[in-house]
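Trainee: Before I look at the model, could you take me through what its descriptions rest on?
Mentor: Gladly; let us look at it together and set each term against its definition.

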Amino acid sequence: MSVTNLLDNWAAVRHFHPIDDKPHDPYKWAMAIDLDACIGCNACAVACYAENNLPVVGREKFKHGQVMHWMRIERYWDEDGRDYPDQGFQFLPMMCQQCEAAPCETVCPVGATNHTQDGLNSQIYNRCIGSRYCSANCPFKVRYFNWYDYPTTENVWPAEMNYQLNPDVTVRGKGVMEKCTFCVQRLRAAEVTAKGEGRIVREGEVQTACQQSCPTGAISFGNLVDPESRVHKQWQAQQVDLDKDMQEKNQKEGGSDLRGYRILEELRSYPSVMYLERVRESAV
Amino acid sequence: MIDSDSVKNLAGHPFDRRDFLKVLGWGGAAAALSGCGNTSIEDGKETVVSYVEAKDYVIPGVAVYFNSTCAQCDAGCSITGKIREGRVLKLEGNPESPINKGRLCGLGQAAVQHHYNPDRVREPLLRNGDKGEAISWEKAYALINEKLAGVKGEEIALVSGDVSGHQKVLLGNYMDSLGSKNHFVYEAVSPAVVRAANLKFYGVEMPRYRIDKAKVVLSFGADFLGTWVSPVHFAQQYAAFRKGVDGQRGVLIQAESKMTLTGANADRWLAVRPGTEGILALGIINALGVATGDVAELVKDYDKVRVSRETGVEPSNIDKIAAILKLRSPSLVLVGSAAEGYQHGLQNAAAINLLNQVLGNVGKTIEAPVSVPFPQMAPAKGKTAALKDLNDDLAAGKYKVLFNVATNPVFTAPASYKFRDNMAKAGFKVAFAHYLDETALQADLVLPLDSEMEDWGTHVPEYLADTVQINIQQPLMERLHANTRGFGDILLALVKQRRAEEYKAFDDYYGYLRSAVLQNKAALGGAGSDDDTFWNDTLSNGIVKLSGASGALSLKVDVSGLKLPTPKEIDEQYPMNLIPAVTSNLRDGRHTNQPWIQESPDPLTTIVWDSWVEMHPKMALQLGIVEGDIVKVTSKTGSVSAQVYLFPGIHPDAVSIPIGRGHDAMGRYAKGYGVNPFEIMDAVFESATGELAMHETRVNITKTGQRVIVVKDEGPAGGRQMGRKIAARMSTDQVDLSKEV
Ligand code: SF4
Ligand code: SF4
Ligand code: SF4
């Protein structure tokens, strides 16, 4: 079977949002990250540790690639053999892209990771059996596995440190997979409050922990199907369409002068995070 | 608690109002004190109920929020703590603060791990041999009193870091009561030389910088996005600067010998030969060709060819920079630690400041600061020279009693000071401490402090963004450990040993603070509201904002003393410059025991949990060194060994080791990780200010033959994208930002 055939077949059976007759209603959570504003400071990543009960694994386990940071700042420099990175580095906050057609979901033998109504890639900890297929299949490498039982591991949450744990977020035990949830506990709280008041969540009412901390406001987050939301406006202005695997603007001759793009879009996982390209001055 | 009897007694005393003002911190105030501000004290209606006792608002499962102030550095960001079931869980920025407008840095986020840290000191400890024995507070206070008996004021010294607000007032009054003038304000990392240069040039130590109004920012090693002065505030200005003034995106040029976080975000990063920053500045003035008179005379020999030869910056880059600075105005030139850390640091800083005058930026992107109307509360700003002085005095055996307020000079003094030995010469050493760090371990008596989330206080940041603000610090939860005490409470107890009469109205620091604030209610914006309302509002806002006067800068252009040394010849024995790097995570190393900080990758190298020696790949090739090689870095003073990381963002003549790791005490997350560059730092001083010239140490590098795997977050591809469009980039001529949302 050719790869094209494989992909065609996969696409035919794959359930993903938004499907034509069932658009996201009333929520589709999405993000836009301005790489020209992002300074690579890591505040977002630390805020994520605080909000989501991420364990600190220590030097040895970090060395073995067992770090649990749901959000990491990737850092790149030019590859053109210059002596110095004299146009600076490029920083990229990377976390689960909450793919609309998530490759991690299809391979889970027990259906522990699923697409939710409001457009998230969810992880059900007590269904997860730790096969780790999802992690192998994630193109962005943003899934983190609990190789150890961190709550009982020495010096992860020793006495008093455990008081800081967020009671709204499960503390995960050994053998389960985890990853960025778009701070689902905050979203659910806001959705429930709004529902009780007979409305939908308003723009600005809910922020993810990373967004809230970011000193430069590089991260915007909101409901993509709400025309009032900043995220919606940004995606629209940048002509990035959620359910395209190649944006029209890029097919024009000479490319686009808009900064919005999604990483590895061509893999057709339909990520919910749009990045805005970093800009560098041409005059110096 | 203030009982009405004692208040009446106080009121009945021959009562000197001027002294009373001083007691409460409003002495010498420029803002008016209303006559009726202190009725509550004088008529004895006061009852103080500490809010931490009132629990009726605690609803299980529902979070409450309290405002306070971040104490992880001195920028003074305001925080909002999320509290559930009486425990603080998460900090956010307080949107009402003009400094951080709702945002926080990573260090600020980690403050909860300071509070809940398992290695905090929990009991007063008295030295018994090499052990600390837990004693009661009564005994501790009695002991201090006893040890002070018969000791003259000049035989007593106190060292603290930056301090402001009412803690500073009490501290000052305590020292006063002891008859001692020896308060050493010490910060291991502080822009003291820049302050001195600014004072000479602008007439103020710290003007307000308006990155957001500048079209071009040229920064000589000022890491304003990571570590410099008020990083969260500047990061926000930076975001506005990138969006642009009139649709034109701001351009950042950074010149330094080792790339900082700010440098990593520059449009053009220039690797400058260490110590030649001032020469580059004069070269740019020369290339601008607009200077007249004295200034023109000064720069006339700094032509491109010479400047390029001395600084290592290409002539074409000097031209380009001059061109863009001329074209886009106003600009802003900043000077930071990379330029000030030399013997001629002040000269460097003066030459760089001169650029602002030549470019006409003063008054446009450099504004006068707002002045704090309460001099007693204005911040005392730390210097490294203070430690030198203290150390000299200690070595001479001048002090019988030494108080250390949570600074760690045993860790941050250059090894050649022999601070540990000199400290031992003080007869009785008292440390106010959060951890048993290197310095607290040398003390005779350790007084365990409340965390900043258990304590009361007021803070006035040095860098005020908009208005004068007095930041309130209040407990976000009850104290975790029964026997820690607030800094203010300890001071109050101590000052009462000396001046019982003046302070007897205050049972605790909370009562003191409340009285102090209410006494000056009118000047603090509370005229007309009753005491309880005003106090509660103050606490719930977490900030008292005052409109402060901000005049014009009095620019003084005097280049007569300005003279830059020609770059030093390479020393055969010690051919490399050591750059002790200040990183945004670690700063001076006081937070290294917070595991989020240890595990948060260094933004530039992505290394965690360890120190490294940063070296340019070219130099490494020459020396036959590869990543992970353990090398010995040797200076005249000593040597340390650490893993090498090959890093293109550093001048080949320099190597860099970050400050903050290499603790041999403090706690489980800090002890034994990495090396401490202060151990090999030569004691060389800036010649005009006496500040430690941190970049003057020369070293050589030898291989040890060992190699390790560098623990980092970089990923197998290193810094490369392997041809994929991952972190993409456009240049300004390809994109139109004005259309964006
Ligand atoms: S980014 Fe990875 S983990 Fe997240 S939804 Fe996509 S495939 Fe799944
Ligand atoms: S907090 Fe903001 S600026 Fe800092 S790394 Fe994260 S996204 Fe970038
Ligand atoms: S800059 Fe960071 S550490 Fe300093 S006060 Fe602000 S949040 Fe706290």
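Mentor: A crossing of helices is left-handed if the near helix is turned anticlockwise from the far one by less than a right angle, and right-handed if clockwise; the crossing of helix 12 of chain B and helix 13 of chain B is right-handed. This is a predicted model in which local features need pLDDT of at least 70, side-chain atom pairs count only at pLDDT 80 or more, and totals for chains, interfaces and linings use all residues. Residues are numbered from 1 along each chain as its sequence is written, chains are lettered from A and ligands numbered from 1 in the order in which they are written, and side-chain values use heavy atoms, with hydrogens and water left out.

Trainee: Why is helix 12 of chain B called roughly perpendicular to helix 13 of chain B?
Mentor: Helix 12 (residues 304-311) and helix 13 (residues 315-327) of chain B pack at an angle of about 115°, with their axes 9 Å apart. Helix 12 of chain B is therefore roughly perpendicular to helix 13 of chain B, a term that covers 65 to 115 degrees.

Trainee: What makes strand 8 and strand 9 of chain A edge strands?
Mentor: The open sheet has the order 8-1-10-9 in chain A, with mixed pairing, where two strands pair if DSSP finds at least two bridges between them. Strand 8 (219-223) and strand 9 (260-261) of chain A each have a single partner strand, so one side of each is left without a neighbour in the sheet.

Trainee: How do you know that strand 1 of chain A pairs with strand 8 of chain A?
Mentor: Strand 1 (residues 29-34) and strand 8 of chain A are joined in the antiparallel sense over 5 bridges, and Ile33(A) stands opposite Ile219(A) in strand 8.

Definitions and conventions:
Helix = DSSP H or I, 4+ residues; strand = E, 2+ residues; numbered from the N terminus. Axes fitted to C-alpha atoms, helices over the stretch in contact; angles between N-to-C directions. Parallel < 35°, antiparallel > 145°, perpendicular 65-115°, else oblique.
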